[in-house]
Amino acid sequence: MKNVFILGGTGLLGYHTVRELLKREYIVSTVALPPMPAPELLPPEVECHLGDINEMTDEQILDILAGKDMFIYAASADERMVPEIPATHFFYEANVLPTQRLAHLARKAGIKKFVIYGSYFAHFAETWPELELKKQAYPRTRLLQEEIAFMEGEGQMDVMSLRLPYIFGTMPGRTPLWAMFFPQIEGKEIVPVLGGGSAMVTVQQVAEATIGALEYGEHGEKYAISDTNMRHKDFFQIIANELGQKDTVIQVVPLEQMKPAMAKYDEQTAAAGKEHGIHQAVAAEIQNRDAYINPDDTMPVLKYNKADIHQAIAETMKRCIEDTRK
């Protein structure tokens, strides 16, 4: 089984996964939203359809999936989006319903392996019950996305989820999303952060772990992947350094100082008719914790390699700076 279809092959994760698949002599095809981020982004051997798969008929999708062995679902709405109230409805329609439909059609087409790019917020919704993250729109729908896909595949198609943490890397034609942190740091002498940290990986590691899931994964498994666990203070210091602000002080502040402002922001967002997939007051609780993942839990199973996360962060931020200062 070496014929793979990937949904979202021109996105950051999809692009690097396509490259790794080709390196390992897989046959690759993709459907991705237009426009192409850069000319000749994908090599000619990749069959690429530009369009919205959600607007295609079942028959069109089955034609595309004919003869394919594996499906990689690399297209979802993430927690940075701030939709209209209720956010649950938005993320349900954006992530759950399309996954159910495509997993159903994949099984009907004879696909044997199906990998979802999920979120590590689903992992912490299960491991930190006291935060009640299952009541937050984004983690709640990410958990449902996994479960529905598992049920669609039951007995015929192995479905696995990669629960992804912070991811660093670049690609042609797209500015990394991490530029969103620049306004918090640029020109500031003191930058307040909460005292927790996050698991981190590179785009290359996601690509390697994806192929690991296709080749070694077991149906219904939820693989929370990681390489390095880093405190927000150290992460922000790398960003400040790349911005040329080595004298900027990254100051850890207590949750009690930060949370009221975040709760106020939630109120303002609601007043504007919008809602975060994870309320900002809850996000503060998360950022005050160590959202860490032990790489030894998944690295030997999925056989992805170690990486230099510090270098990946620095290179990603350099690219953000170049693109935003053009």
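## Aromatic pairs

Counting ring pairs in this predicted model gives 20 aromatic pairs. One of them brings Tyr 120 and Tyr 166 together at 6.5 Å between centres, with 55° between the planes, which makes the pair tilted. For a tilted label, the angle has to fall between the stacked limit of 30 degrees and the edge-to-face limit of 60.

## An edge-to-face pair

Next up are Trp 178 and Phe 235. Their ring centres are 5.7 Å apart and the planes meet at 80°, so this pair counts as edge-to-face. Because Trp 178 is in the loop between strand 7 and helix 6 (182-185) and Phe 235 is in helix 8 (residues 232-242), the pair ties together parts 57 residues apart in sequence. Trp 178 is buried, and Phe 235 is too.

## Lysines over rings

Two lysines sit over tyrosine rings. Lys 2 is over the face of Tyr 26, 3.9 Å from the ring centre. With Lys 303, the charged end lies over the ring of Tyr 216, at 5.1 Å from the centre.

## Around Asp 78

Where is Asp 78? Look in the loop between strand 4 (70-73) and helix 3 (87-108). Its side chain makes a polar contact of 2.5 Å with the side chain of Arg 80. Leaving aside residues up to four places away in sequence, Asp 78 touches Phe 91, Tyr 138 and Leu 177.

Key: Residues numbered from 1 in each chain as written. Predicted model: local features only at pLDDT ≥ 70, side-chain atom pairs only at ≥ 80, totals over all residues. Heavy atoms only, no water. Phe/Tyr/Trp six-rings, centres within 6.5 Å; stacked < 30°, edge-to-face > 60°. Helix = DSSP H or I, 4+ residues; strand = E, 2+ residues; numbered from the N terminus. Buried < 20%, exposed > 50% of the residue type's maximum accessible area, 1.4 Å probe, protein only. Lys NZ or Arg CZ within 6 Å of the ring centre and 35° of its normal. Polar contact = N/O pair within 3.5 Å; in protein donor to acceptor, adjacent residues only side chain to side chain. Contact = heavy atoms within 4.5 Å.
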